[in-house]
Amino acid sequence: MKKLFGIILLTLALTLSACTNAEDTFDETKNITVYTRDTTSGTRAGFMEGIGFADAATNDSLLVEGFVIKDNTGIMTSMTTDQFGIGYVSLSSVNDTIKPLSFEGVEPTLANVINDTYGLKRPFMWMVRDAGDYSSETVEALVNAFVAFLGTTDAQDIINNNGAIGLNATQSWDDIKANHPVTQQDNTGVVVRFGGSDSIQKVAEALTNSFTSKAGNFTAEHDHTGSGDAYKRTQDPAIKDTSVGKDVGFASRYFKDAEKVGVETSDFGQLAWDAIVAIVHKDNPLNNVTADDLKKIYEGTYATWSDLLD
Amino acid sequence: MQHVEIPVIKQHKEKRIKDRFVKIILLSFTLLSSSFIFIVAGTILVKGVTPFITNNNGLGSVSFIPFLTGDTWLIGESFHSNLYSIGFIIASTLMIALLSLVVSFPIGVLTALFIAKVAPKKLANILRTVIELLASIPSIIYGLFGAGIILNLVYNFSAAIGYQSKGGNSMLASILVLAIMTIPTITSISEVAIRSVDKNLEEGSLALGASKTQTHFKVVLFAAKSGIFTSAILGIGRALGEATAVSLVAGGRRSGYSFDLLDTTSTLTTIMLEGMKETIGLDYDIRFSVGIVLIVVIILTNIILNFVKRKVGNVNVK
């Protein structure tokens, strides 16, 4: 009987609590609930690098005690419930059910990403082999055509549909395809090797998927191992001609100066931005964060909202 | 005479060949379907044992005892560490499954009693269809319901009692989602068990002067207890094995034994699911090891419950 009474009481309490409205005032003394993606997430890697906490990208033990792991949608819906939560999502997911935070005083908008003022983002870069350094002329012509394709509205749409932000393009593939006669012939059996950053893999595969059908059905081989390999496997003399060599490499960061030595400026460029936004509940009075604030939240130095708001 | 018999014998022969042919076909299908269990179990076993017996591409082998007892999923950087452990997850998995049964079992059995004995025939038929429909709803739908409604409820409930919940992601939310999911299973099986109780027992009880309520609770439920117990076993099996729905409300706890109903948690299934699609190497293989542990946990639970069931005994059930 006691048990039964307990169960009834619990149900009653649950129903009652559903009816009470959330308070309008924000209680700053509450703890910050930290939401994060799991260690395999590219968004997490981009976020942690962006706030200067790169070590935490793949290491849960560095994060504040008691963090919550959710996927992209999970973090979005949690921010509609949890007044005291903070999380991050890619800019393409942001909508008006949550409150996106400005980063270092700059609002997270598409325009601010493209004009390079919004800081919590990383560039998606490509790098190719030197002219004449390909296994065949067909492969070289295909790679040149692919690079040209990256600058078209067709590619921009694909990039945007896969969660990244394409650069401003004006021409469509149909406008420029005549400049690349190789795409008109049958390229069945020709293999072009793609590699580099695994964060870009999804976008890169979507791009090549669409491009092979436009370019004589060549085979796109994807082997993504990390941004560092974008340069090494296309340009590093010690590695580029081994079995892991690539024709096109992607990096989810700017190339370092050491990686640009001896590389023609026409051999690399940017294809997209990946912008990440820190988000909170709409009731949260916070509007702006700095990289340092976010790092202190995620490592646990800031435990309550008053640490941040005062 | 002979020229009459020959076609008969021939017919017999043909029939026998056909019979044998069908038998062979049936046998081969049976062999095929039953061999899947060995293929599946074999693959999981081989994959799941790999982290313990190889050096995992230079990371070193995972040690077994700390793996089973430790309180942190992974110490250090993923892809660069072999310090996995799931002790705290085994504990929370068992606790969640048991508590979800505590919620769903009484509700499920009493619903079954109502449908089988109390409700008018028409209503009973409608309710039976509803329960069957509920049982066939995919778990992801329950998960979405949990993420949309139950998380909110738990969050507000916690706030009402002065506890700061992490967006409702908690053991309680997992328990409630699983309870809702297992009620249809428990109800439909218990209902069959209750309906198959010998009418004579019931009539005997009524003839002795017991009221209907007394008869239902003291005779019918008692007589159907074996079937009702089976429903509990299947219910807990579903609770232990559910991944999708729970992973949407559990919160992905990564360290620390925790028996706090309102704090985040993880189960063996959610830890397998999270990141599964994106990961490689040891971080991938270790999920198969978790799978083996899950299978062992389910088998052990079943053995224990079946043992209890036998102890509880059986009454004249048709």
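In this predicted model, 28 residues of chain B are in contact with 25 residues of chain A. On the chain B side, the elements that contribute two or more residues are β1 (74-75) and α5 (139-160). Helix α5(B) gives the most, with eight residues. By residue class, the side of chain B that touches chain A splits into 10 nonpolar, 13 polar and five charged. For the complex, the predictor reports an ipTM of 0.80 and a pTM of 0.79. Chain B has an average pLDDT of 90, and 96% of its residues score at least 70.

Chain A contains 12 helices and 12 strands. Along the principal axes, its C-alpha atoms fill a box of roughly 80 × 40 × 40 Å. Of the 310 residues in chain A, 43% are buried. Among contacts in chain A with a separation of 6 or more, 75% join residues 24 or more positions apart.

Chain A is divided into domain 1 (31-121 + 275-309) and domain 2 (123-273). The C-alpha centres of these two domains of chain A lie 31 Å apart. Their contact takes 11 residues from domain 1 and seven residues from domain 2. On the domain 1 side, α2 (42-50) and α4 (110-114) of chain A are the elements that give two or more residues. That side of domain 1 divides into six nonpolar, four polar and one charged.

| Domain 1 of chain A, touching domain 2 of chain A | six residues | four residues | one residue |

The largest nonpolar core has 73 residues, of which A:Phe124, A:Trp126, A:Val277, A:Ala278 and A:Ile279 touch the most other members. Strand β11 (residues 268-280) of chain A supplies the largest share of this core, 10 residues. Both domain 1 and domain 2 of chain A give residues to this core, so it lies between them. Which residues does A:Trp126 contact, leaving aside its neighbours within four places in sequence? They are A:Val147, A:Leu150, A:Val248, A:Phe250, A:Phe268, A:Gly269 and A:Leu271. A second, separate core comprises 67 residues, including B:Leu101, B:Ile115, B:Leu268 and B:Leu282. In soluble globular proteins, nonpolar side chains tend to be buried together.

Helix α6 (residues 153-161) of chain A has as its buried residues A:Asp154, A:Ala155, A:Gln156, A:Ile158 and A:Ile159. The elements of chain A that cover them include α5 (137-150), β7 (165-166), α7 (173-176), α8 (201-214) and β11. After α6(A) comes A:Gly163, with a positive phi near 90°.

In chain B, B:Ile17 is placed in helix α1 (residues 2-53). Is B:Ile17 buried or exposed? B:Ile17 is exposed, because 10 other C-beta atoms lie within 10 Å, and a residue counts as exposed at 12 or fewer. Between B:Ile17 and B:Thr72 there are 55 residues of separation in sequence and 63 Å in space, C-alpha to C-alpha.

Technical notes. Residues are numbered from 1 along each chain as its sequence is written. Chains are lettered from A and ligands numbered from 1 in the order in which they are written. Helices (H or I, at least four residues) and strands (E, at least two) are DSSP runs, numbered from the N terminus. A residue is buried if 20 or more other C-beta atoms lie within 10 Å of its own, exposed if 12 or fewer, and partly exposed in between; C-beta atoms are placed from the backbone. Two residues are in contact if their C-beta atoms, placed from the backbone, lie within 7 Å. A nonpolar core is a set of buried Ala, Val, Leu, Ile, Met, Phe, Trp, Tyr and Cys residues joined through C-beta atoms within 7 Å. Domain bounds come from an automatic or database domain assignment. Ala, Val, Leu, Ile, Met, Phe, Trp, Tyr, Cys and Pro count as nonpolar, Asp, Glu, Lys and Arg as charged, and the others, Gly among them, as polar. pLDDT is the predictor's confidence in each residue, from 0 to 100.
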